[in-house]
Structures are given as structure tokens and as C-alpha cells.
Amino acid sequence: MQCPGLSLSLSLSLSLSLFSLSLSPIYTLAKSNLWGKHSLGLLGVPGCSFTPSLAQDSPFCRNEVGGLPGAWARLLAGLLLLAVSSSLALRQLHSRDSPRGNLGSVAPPASRHSHRPGVYHHSAIISPAATCSQLGQELLVAGGNVVDAGVGAALCLAVVHPHATGLGATFWGLFYNSSSGNSTALTAGPTQLLAPGLGLPTGLPALHLLHAHFGRLPWPHLLTKPAMLAEKGFEVDAPLANALAIQGTKGLCPLFCHTNGTPLGLGARATNPNLAAVLRSAALASSPDLAGKALLNPLVRDLGLELPSAQPVPSLEPALQLLLPRGVLFTTPGPSAGPELVELLESTLHSRTPSSAPCPPFLQTAETPVSSALATVDSNGSMLLLISSINSSFGSGHLSPSTGVLLSNLEASPAPSAWACPLILRDNLDDTEADMLGMVASGISRGAKAMTCTLLNHLATPQIPQQPQHQRPTESPGICGQGALLQAVVHAEHAHVSSVPSGCCPFQGY
């Protein structure tokens with residue numbers, strides 16, 4: 001770790017010490033009155049002309065050719081070191097006072113002490129893709145809040161994980177504001193169709209709406225890196241490579257195929273320039289409606305359709321609340337699985353004491369909608385949970401040529417979205433520093449039932465989720481993203497993030 005102030009002081013101290021050493025012979029001679037007793041010799045060296053013995057011993061007389069460096073050489077060396085160190089000191093002062101560089105080059109500030117992986121002093125984010133967790137951290141370090149980080153990461157996932165989410169996805173979210181103590185739900189409403197088998201995209205208007213109310217950074221700032229990833233390219237990670245290997249390339253070429261028609265594999269580079277153009281257009285939108293039209297207008301031209309009269313209208317609503325023995329629970333209203341979660345908890349708590357019996361694993365089945373989840377949290381207690389779905393892997397499989405977007409194949413139905421069940425538990429409403437727990441799961445069937453069991457176990461044996469100390473953020477094709485539970489915790493003024501299975505989703509923070 002570098003400390004500009006310390007290195008600056010050391011540079012100046014070292015150079016001044018060396019300079020003082022170079023002057024010490026002059027001081028010694030002056031003190032012994034050599035300046036008064038001896039005149040200057042032919043070379044202008046004091047003490048070398050009249051008294052040979054004294055001149056021989058004087059350090060000033062060792063500047064002969066081939067001799068050892070004498071006082072004049074040390075004097076010149078000291079002056080040179082002083083000049084170089086002064087230049088370095090000025091450069092350090094300039095770099096310390098200059099503004100930060102671009103978003104991607106900002107380094108998080110050094111922590112006062114170290115922690116196990118997943119624990120941070122200020123803020124943290126966890127998502128299925130390392131690139132998007134890194135983007136979320138950059139937005140946090142740049143002065144953004146948990147909403148900026150979460151929305152930016154969701155837009156990033158729309159680029160790098162088209163098999164699970166995208167601008168054509170349906171989004172649900174749960175936001176707890178530690179400043180106001182309010183919890184707000186981002187609701188998608190009932191699924192609407194653009195055409196048979198093609199869901200009406202709601203991603204852009206939903207994320208714009210959430211950011212417009214609670215974000216801190218400018219909206220275009222959040223779309224800069226996702227657009228750059230789509231334009232310049234991104235590496236295919238394990239979850240996407242695994243999905244491509246299973247799905248095949250039908251309808252996905254040329255974006256996700258090699259020139260010979262085979263699917264891109266792990267580490268291959270993919271680009272989506274038309275998606276980049278949509279993101280740049282959406283960055284100019286001043287309202288959720290205009291952000292949605294940045295995608296919808298070219299999309300209907302691709303399909304030869306008219307703009308639908310009833311366009312998707314995501315909304316922000318007060319979260320559902322349930323008082324518990326240890327605090328209050330927040331979750332999303334219908335048509336998500338939130339109301340089912342509340343009902344299950346009420347009936348279970350009234351019928352018996354919560355037990356710590358093992359819960360069934362978060363496994364994906366053939367009928368489970370493919371989804372993508374992320375969580376971001378700060379040490380003050382603010383928290384955002386986001387989950388989105390395009391139903392099947394790669395959604396409808398219909399790739400819009402002019403937008404690079406895969407539409408979902410979610411069906412219009414009054415039935416609740418069983419895959420959407422984020423929850424936040426605040427331990428004590430009267431305590432401003434109470435612990436917070438957030439949970440959101442992706443790729444699970446009957447999300448309310450699985451989340452109920454997990455929460456009851458937490459209430460029975462409350463503990464901070466542990467990330468094994470040897471475990472670093474990794475990606476495993478079989479488990480990362482689908483069938484995973486993400487947890488965000490605020491405890492002892494620190495932000496914690498983890499996943500079940502442990503280590504399956506990359507996290508970042510500072």
C-alpha cells in the first residue's frame with residue numbers, strides 16, 4: 001500500500017540528509033579557521049596551496065583525476081539529489097490533488113484492516129457475473145449508492161448473460177432505504193405480449209424508473225460500460241458457455257457462434273453492436289417511457305408490428321410488511337410470490353415454533369423459469385435486491401436483428417410470478433443500527449416455500465452467513481446463477497455478501 005504523504009516526507013528527508021553530509025567538510029574547515037589560514041589554490045580549492053601536508057589531508061584536495069570523489073563531488077551529488085527529490089515531491093503533490101480518472105481506473109480506498117472474503121467496510125455487490133460485480137463496485141467507489149450499483153450491474157448482465165436476463169426480461173426489485181426507513185418494491189405487473197410467444201419487454205422502463213427515484217449518479221453514467229461491453233466485446237463466462245452448449249445455436253447466430261456455426265465457448269469473445277446502440281439511445285431518455293421506446297420502436301419495425309396500445313408500466317409500490325417476533329419482514333406485492341411468502345410465514349409461526357431443520361437445496365427443475373438475481377448493500381443498512389427472468393434459457397430464442405435483444409417467452413397469465421420472491425428482514429424497527437438480512441434466489445421453483453424455510457431457520461438460529469476463508473469468488477457452470485441463493489447482510493457497521501452454494505457467485509466491495 002502506498003502512502004503519498006509518507007513517501008513525500010522520506011524523499012525530502014533523504015535528499016536533505018545527503019545534502020547536509022556533502023556540506024560537512026566545508027563546515028569542518030570553517031570551524032577550524034582553514035578558510036582564514038589558507039588561500040585558494042590554482043583549482044580554487046581552499047587549503048591546497050601553502051601547506052602541503054594540510055592540503056594532502058584536506059578532503060577538498062581529493063578531486064584529482066583518478067582520485068576518489070571528494071567534497072566537491074559530494075556537494076554536486078547532494079545538489080542533484082535535492083533537485084530530483086524536489087521534482088518527485090512536486091509530482092506526488094500534483095497527482096494527490098488531481099481529480100480521479102475515469103470510472104474503470106478508480107481503485108477502492110484502502111481498508112483500515114482486512115476481513116474475510118465478502119465482508120466490506122462500506123458497500124458490496126454480488127451477481128452471477130464477475131464483470132458485472134466489478135462494474136457495480138466501480139459505481140459504488142465513484143460515489144453511487146446501492147441503486148446505482150444494482151441498476152448498472154443489471155444492465156451489464158443484460159449484455160453478458162443473455163441466456164438468463166436482458167432488456168426483454170421482466171424485473172422485480174426490493175429496495176430498503178436506511179435514511180428514511182422505507183421499503184419500496186419495483187413491480188412488473190402482469191405479463192403482456194408483443195406477439196404470440198413474445199413477451200413485451202419491460203427491462204429499460206423498470207430500471208429507469210427505479211433509478212429516477214432513488215439513484216444518485218446520472219442515468220447515462222450507468223449505461224456507459226454496458227454499452228462499451230456490447231460494442232467492444234466481452235468474454236463468454238462459464239454460465240453463458242454452459243447455456244450455449246446445451247441450447248445450441250439455433251436463432252443465436254452470428255452473435256454467439258463461430259464462423260463455422262458452432263457455439264462460442266468459455267473465454268471466446270462476443271460482441272453485440274446493435275445492443276450497444278440501443279443502450280446509447282436509452283441513455284438519452286429522460287423518462288421511463290422514453291427509455292422503453294428506445295428498444296420498442298426498432299423492435300416493432302423488426303417484427304413488422306404496430307406499437308402496442310397498452311405498453312408495460314412498471315411501478316414503485318410500498319413493500320408488503322409482516323411483523324415478526326424479531327423485527328419486520330419486507331417483500332414484493334402481487335403478482336410476485338411475495339403474498340404467498342407472507343401467508344406461509346404467518347401460518348407457520350402461528351402453528352409452531354420455528355425449527356432449524358435442513359431446507360431442501362435450491363435446485364432448478366425443467367419447469368423452473370430461468371432467472372437472474374443480484375444484491376447490493378451498504379454498511380448503513382440500505383439494500384437493493386433485483387431479480388429478472390426471460391422464462392426459458394435464451395427466452396423465446398428470437399433475436400431481434402436491429403436491436404440484438406432476445407425477447408422473453410413469458411406467457412400472459414394472471415398467475416403470480418412464482419420465481420420472484422425477494423425479502424428483507426430488519427431485526428428491530430426501533431434500533432437505527434439493527435442488523436439487516438436480504439435474500440433473493442434465482443432459478444428455483446416454488447420460491448416462496450424455499451424462502452420460508454430458509455428464513456425460519458435464520459430466525460431459529462440467527463447468524464451471519466459465513467463465506468469460508470479459503471473460498472474466493474468463483475464461477476461454476478453447473479451452479480452459478482441458477483438454483484442459487486444470494487444473501488446480503490448488514491452487521492456491526494459492515495456489509496456482508498455471500499451465496500448458497502458457497503462461492504458460486506462473484507462479489508466485490510470496498
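An open sheet of seven strands runs in the order β1-β17-β16-β15-β14-β11-β10, with antiparallel pairing. β1 (119-120) and β10 (320-324) form the edges with a single partner strand each, so one side of each has no neighbour in the sheet. The model is predicted. Two aromatic pairs are present in the structure, and helix α7 (residues 203-214) is largely enclosed by the rest of the structure, because nine of its twelve residues are buried.

**Sheet edge and packed helices**

- β10 and strand β11 (residues 327-331) run antiparallel and are joined by five bridges.
- Within this pairing, Gln-321 has Phe-330 of β11 as its bridge partner.
- Helix α12 (residues 338-351) packs on the sheet, where it touches β10, β11 and β14 (423-426). The direction of α12 makes about 15° with that of β10.
- Helix α13 (residues 447-460) lies across β10, β11, β14, β15 (436-442) and β16 (484-491). Relative to β15, α13 runs at about 155°.

**Helix α7**

- The end C-alpha atoms of α7 are 17 Å apart, which agrees with the 16 Å that its twelve residues should span at 1.5 Å a residue.
- The buried residues of α7 are Gly-203, Leu-204, Pro-205, Ala-206, Leu-207, His-208, Leu-209, Leu-210 and His-211.
- Phe-214, in helix α7, counts as partly exposed because its relative accessibility is 22%, and the cut-off for buried is under 20%.

**Aromatic pairs**

- A pair of aromatic rings is described by the distance of the centres and the angle of the planes.
- Phe-175 and Phe-214 have ring centres 4.8 Å apart and planes at 50°, so this pair is tilted.
- Phe-175 belongs to strand β3 (residues 170-177) and Phe-214 to helix α7, so the pair ties together parts 39 residues apart in sequence.
- Phe-175 is buried, with a relative accessible area of 5%.
- Tyr-176 and Phe-330 have ring centres 5.7 Å apart and planes at 40°, so this pair is tilted.
- Tyr-176 in strand β3 and Phe-330 in strand β11 are 154 residues apart, and their pair links distant parts of the chain.
- Tyr-176 is buried, at a relative accessible area of 2%. Phe-330 also counts as buried, with 2% relative accessibility.

Notes: Residues are numbered from 1 along each chain as its sequence is written. This is a predicted model: local features need pLDDT of at least 70, side-chain atom pairs count only at pLDDT 80 or more; totals for chains, interfaces and linings use all residues. Side-chain values use heavy atoms; hydrogens and water are left out. Helices (H or I, at least four residues) and strands (E, at least two) are DSSP runs, numbered from the N terminus. The expected span of a helix is 1.5 Å times one less than its number of residues. Buried means under 20% relative accessible area, exposed over 50%, partly exposed in between (1.4 Å probe, protein chains only). Two strands pair if DSSP finds at least two bridges between them. Contact means heavy atoms within 4.5 Å. Axes are lines fitted to C-alpha atoms, for helices over the stretch in contact, and angles run from 0 to 180 degrees between N-to-C directions. Rings of Phe, Tyr and Trp (its six-membered ring) pair if their centres lie within 6.5 Å; planes under 30 degrees apart count as stacked, over 60 as edge-to-face and the rest as tilted.
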